[in-house]
Amino acid sequence: MTLDRSPPTLKFQIEQSIEAGTKFCSLFYETYDKTRHKIGKMYHEAAQLVWEGNGVQGKESIEKYLQDLPGCFHIVDWFDCQPILPQFTNGNESILVAVGGTVKFDNHTLKAFVQNFTLTNVEGVWKIVSDALRLRPP
Amino acid sequence: VKFDVDKTRLPTSVPDFMPTTGQDIIKQFIQQFFKCYDESRSQLSEAYHENCIFTLSLPQSPRGPALSHYFSVSRNLKRIKDTAKKISTVTTSRNDVISLLVKLNGTTHYFSSFSVDVPLITSTVVNFIVRGVFKENGSNGVLRSFSRNFFCQISNTSLQIVNEQYFLRNPTSDELREAKTYASKQKSSSNVSQQSE
């Protein structure tokens with residue numbers, strides 16, 4: 001396949017993105033559903049949230065915005081992760097995570113969601129730099 | 001005594017999230033990219049960086065017309081348990097991305113169905129997600145919905161795709177209903193462009 005003639009570092013970066021992205025997916029939705037007051041910690045200070053086309057800038061504002069949403073329960077159907085090569089991000093380690101599934105908000109009908117994240121490694125801790133969510137009827 | 005228990009409302013949906021700066025370059029890229037994707041996909045090389053990374057994902061249990069045509073290249077990390085397959089389903093160079101894309105069904109995208117979110121833009125990179133509906137070419141003309149996440153490098157006034165995550169599914173009943181109006185709009189707009197030529 002493609003990877004045989006690519007430098008070994010790319011394979012390592014893909015493996016790292018899979019490991020980080022897989023852990024992120026389970027931690028993010030568990031925190032979102034069960035202990036949402038803690039979710040702000042997962043965002044970078046300068047993060048951008050786009051919730052159904054509504055922009056929210058900065059960790060504190062995002063924390064408040066998400067706290068004000070009704071209680072919910074997510075079921076993840078699929079997810080995918082990729083590394084962004086450091087040559088494009090001033091040498092920072094970054095990954096893209098795409099997730100899809102269904103979400104049930106209290107007093108609302110079941111909705112399907114697709115969510116796209118960019119994460120960056122800040123001193124060994126992965127932080128959400130951008131988070132774009134879209135909902136629709138399933 | 002009041003209790004703030006009215007946390008039942010969801011924010012109203014907004015069709016697009018676009019920055020004022022850089023909006024034109026993004027819109028222009030999307031127009032050109034999908035036109036080329038529909039009409040001459042093998043010519044898309046310039047749109048992709050030589051070290052680009054590409055993946056395609058499908059829902060776990062799709063309803064509606066079979067998506068089996070896409071199964072061989074699809075990557076769902078929730079479903080794949082084999083480490084080697086988790087890696088082999090990532091396409092990692094411009095040439096390999098183009099050879100993969102040309103193998104996929106021919107398409108006609110409905111531009112009026114598109115909506116775009118731009119969650120991240122700096123002076124050097126931009127991340128945007130394009131969602132919409134397309135028709136597969138051929139006698140049965142099956143409709144599909146897509147969400148394509150692009151991470152691009154900005155060089156001068158053009159964009160080059162560094163990463164792409166392509167998600168494909170069957171449309172909802174609302175999307176199928178709306179697609180009829182898209183199809184007629186598309187037809188009338190292509191007539192207009194033919195007349196002006």
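Guide: Let's begin at A:Glu52, which counts as buried at 8% relative accessibility; buried means under 20% relative accessible area, exposed over 50%, and partly exposed in between, with a 1.4 Å probe and protein chains only. This is a predicted model, in which local features need pLDDT of at least 70 and side-chain atom pairs count only at pLDDT 80 or more, while totals for chains, interfaces and linings use all residues. Residues are numbered from 1 along each chain as its sequence is written, chains are lettered from A and ligands numbered from 1 in the order in which they are written, and side-chain values use heavy atoms, with hydrogens and water left out.

A:Glu52 sits in the loop between β1 (43-51) and β2 (54-57) of chain A. Helices (H or I, at least four residues) and strands (E, at least two) are DSSP runs, numbered from the N terminus. The phi of A:Glu52 is near 55°, a positive value in a residue other than glycine. A:Asn107 is not a glycine either, and has a positive phi of about 65°. A:Asn107 belongs to the loop between β4 and β5 of chain A, but is exposed, with a relative accessible area of 63%.

Another loop residue is A:Leu85, placed between β3 (72-84) and β4 (94-105) of chain A. A:Leu85 is buried, at a relative accessible area of 11%. Contact means heavy atoms within 4.5 Å; leaving aside neighbours within four places in sequence, A:Leu85 is in contact with A:Leu10 and A:Gln13, and also with B:Asn51 and B:Ile53. Its C-alpha atom is separated by 31 Å from that of A:Tyr65, 20 residues away along the chain.

In strand β5 of chain A you will find A:Thr118, which counts as buried at 4% relative accessibility. Not counting residues up to four places away in sequence, A:Thr118 touches residues of both chains, including A:Ile84, A:Ile95, A:Lys127, B:Leu120, B:Asn127 and B:Phe151.

UniProt, in an unreviewed entry, places the feature "domain: NTF2" at residues 20-135 of chain A; its positions are given in the numbering used here, feature names are shortened, and annotations may be inferred rather than shown by experiment. Over residues 20-135, chain A is 21% helix and 53% strand, with the end C-alpha atoms 25 Å apart.

Now to the largest pocket, which holds about 600 Å³ of space. Of the 26 residues lining it, the closest to its centre are A:Leu135, A:Arg136, B:Ser115, B:Arg131 and B:Glu175. Two or more lining residues each come from β5 (111-122) and β6 (125-136) of chain A, and from β4 (125-136), β5 (143-155), β6 (158-169) and α5 (173-196) of chain B. The largest share, 4 residues, comes from α5(B). By type, the lining divides into 10 nonpolar, 8 polar and 8 charged residues. Here Ala, Val, Leu, Ile, Met, Phe, Trp, Tyr, Cys and Pro count as nonpolar, Asp, Glu, Lys and Arg as charged, and the others, Gly among them, as polar. On a 1 Å grid over the protein atoms alone, a pocket is an open set of points with protein on both sides within 12 Å along at least five of seven lines, and lining residues have an atom within 4 Å of a point. Points are joined across faces, edges and corners, and a volume is the space filled by probe spheres set on them.

Chain B has 5 helices and 6 strands, in the order α-β-α-α-α-β-β-β-β-β-α along the sequence. Its C-alpha trace spans about 65 × 55 × 45 Å along the principal axes, and 49% of its 197 residues are buried. In helix α4 (residues 94-103) of chain B, the buried residues are B:Asp96, B:Val97, B:Ile98, B:Leu100 and B:Leu101; their cover includes α1 (23-39), β1 (48-57) and β5 of chain B.

Finally, the cysteines. A disulfide is a pair of cysteine sulfur atoms within 2.5 Å, and the count over all chains is 0. The sulfur of A:Cys72 lies 15 Å from the closest cysteine sulfur, in A:Cys25, too far for a bond; for B:Cys52 the closest is in B:Cys152, at 10 Å, also too far. A:Cys72 is buried at 8% relative accessible area, and B:Cys52 is buried at 0%.

Notes:
1 Å grid on protein atoms, 1.4 Å probe; cavity = no way out; pocket = protein on both sides within 12 Å on 5 of 7 lines; lining within 4 Å.
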